[in-house]
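Please examine the following structure with attention to its aromatic rings and its charged side chains. The paragraphs below lead through these features in turn.

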Amino acid sequence: MSGTTLADVSSSSEAITHRNAVMAEELGLLIDGATSYAIYMLDTEGRVTIWNLGAERIKGWTEAEIIGSNFSKFYTLEDVAIGKPVDDLARAAACGRIEEDSWRLRKDGSEFLASITLTALRGAGGELRGFGKVVRDITDQKAAEAGLVRREDHLRSILATVPDAMIVMNEHGTMSSFSTAAEQMFGYAKTNVLGQNVSLLMPPIERRDQAKFLRDYLTTGGSSIIGNVRMSTAQRASGDVFPIELAVGEASIAGERIFTWFVRDLTNRQKTERQVKELQSELIHVSRVSAMGTMASTLAHEINQPLTAIANYLETTRDMIGDTKDGLLSEIAEALGLAAAQSLRAGTIVRRLRAFVDGGETGFGIERLDMLVEEATSLGLLGAHEAGIKVTMTIAAGLDTVLVDRVQIQQVLVNLIRNAIQSMATVACKKLTIATAPDRDGWVRVTVADTGIGLDPDIRARLFDAFVTTKEDGMGLGLSICRTIVEAHGGRIWADADAGTGAGTAFHFCVPLAGDDDV
């Protein structure tokens, strides 16, 4: 060591010592500054040798309290019982480092979920010198993640069961989400449509309009379509075009516009509307035919009497002439006999017409009573909600099928329901009850009751006669038609009322239940 003195060596040694001290101090400051992390050192037996401020904040022990203590006191009693502290040291020594999430104890006995890294520290020769441990409290983080997962699961369950289809796309129309309802509605599997343009779901003429809509919307920034519901059409995977109700939502995520379609299939709704209109048309036609039938029956009854009288007068006149040798009188007597025969023939025709009107052949069949009542009320109750009428329906159990002409019985129900609604036009309490109940053996009773103005005692006895009415513009044929229809089914129709008290009126009619022999 020529040229190097002991003073120089001493000075260099002091410099190194000082530098090491500074580095140790800075390292200590760095470790203590990491207050979100518990950083501590263990000797080879697991005793704590270094303890930072973060460890004190997270675990609760001060450095003076914990130095020299075995780290097993940080473990739960269950983990200590199965020897986990010793096993962790062994695994770290064998693997060099282990990482895991596990429950640990604080000084106050409370538990927290910790993210743990345990590292084996070895010297230059490979000898084990101890362990370094870094611990982070992730209880709140995991709770937040679990909450997020629960919310996502809840959202997915909602989207999987909501009847409306939900489709998410970017500003170019590329689909990124396709709900379960959308799969069922359109007939495409999610994997086959994600990444494709939404125009795939539209008929050809709508595809051009959709592309133009997106361009115009992105250019002008107009929002007239967002949040509003509009009618449109869509196309299934099978190629079938069907009507839809479409609502569009918009959101911005990371600067990118995202559009969400909510699609409702209107096929069944429009089918139901068509059926109601067809039923309404059919019932109106039957009403007209029934009205004509009642009038024909009345006329047949009235005409038959004078025809019989004419025949009697003719036969009497013929008998008065008697046998004669006068050729002219003989011809007159023969003509009178022929006229009487034709009058009787005309009377027979009229009686047959009346018999056909009163009880001719009809379209009887086995019908479900609940469906029959439901279809009739869907038509009869039009406007009831707007009029403030509260409707109660009670369908008795065990009365499943009846043997009736469906359209005619529905005409009776519609007539009674419309009468009830009109009778409550001027009263404050508006309640309509439609019910079915057992009647005599083999029969079911249908009731339509209201809280209207009740019945006038003067017309109660003639309520079901033709041309009797309390309405200013009524013809007085409705209830007469109802009686004709019900009696043609072998049943009866009647009314219960408390006239003058405002208690309303209850109309009842009976129809036959379908028996085993009718099936």
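Which residues form one aromatic cluster? In this predicted model, the cluster is formed by Y40, W51, W61 and F74.

The aromatic pairs in the model come to a count of 7. W61 and F74 are both buried. A second pair, F71 with Y75, is edge-to-face, with 5.4 Å from centre to centre and 85 degrees between the planes. F71 has a relative accessible area of 1% and is buried, and Y75, at 2% relative accessibility, counts as buried as well.

Charged groups also meet these rings. The charged end of K59 sits over the ring of F74, at 4.4 Å from its centre. Likewise, the charged end of R104 sits over the ring of Y75, 3.9 Å from its centre.

D88 counts as buried at 2% relative accessibility, and R104 is buried with a relative accessible area of 1%. Both residues belong to a network of salt bridges that links K84, D87, D88, R91, E100 and R104.

Elsewhere, R264 and E245 meet in a salt bridge of 3.7 Å, N to O. R264 lies in strand β10 (residues 256–265) and E245 in strand β9 (residues 241–253), so the pair ties together parts 19 residues apart in sequence. R264 is partly exposed, with a relative accessible area of 35%, whereas E245 counts as buried at 16%. E250 and R257 form another salt bridge, their closest N and O atoms being 3.2 Å apart. E250 is partly exposed at 32%, and R257 counts as partly exposed at 26%.

Finally, L328, L329 and I332 make a nonpolar surface patch of about 250 Å². I332 lies in helix α11 (residues 327–359) and counts as partly exposed at 36% relative accessibility.

Definitions and conventions. Residues numbered from 1 in each chain as written. Predicted model: local features only at pLDDT ≥ 70, side-chain atom pairs only at ≥ 80, totals over all residues. Heavy atoms only, no water. Phe/Tyr/Trp six-rings, centres within 6.5 Å; stacked < 30°, edge-to-face > 60°. Buried < 20%, exposed > 50% of the residue type's maximum accessible area, 1.4 Å probe, protein only. Lys NZ or Arg CZ within 6 Å of the ring centre and 35° of its normal. Patch = residues over 30% accessible without salt bridge, like charges linked within 9 Å, V, L, I, M, F, W, Y side chains within 5 Å. Areas by Shrake-Rupley, 256 points an atom, 1.4 Å probe, with all protein chains shown as cover. Salt bridge = Lys/Arg side-chain N within 4 Å of Asp/Glu carboxyl O. Helix = DSSP H or I, 4+ residues; strand = E, 2+ residues; numbered from the N terminus.
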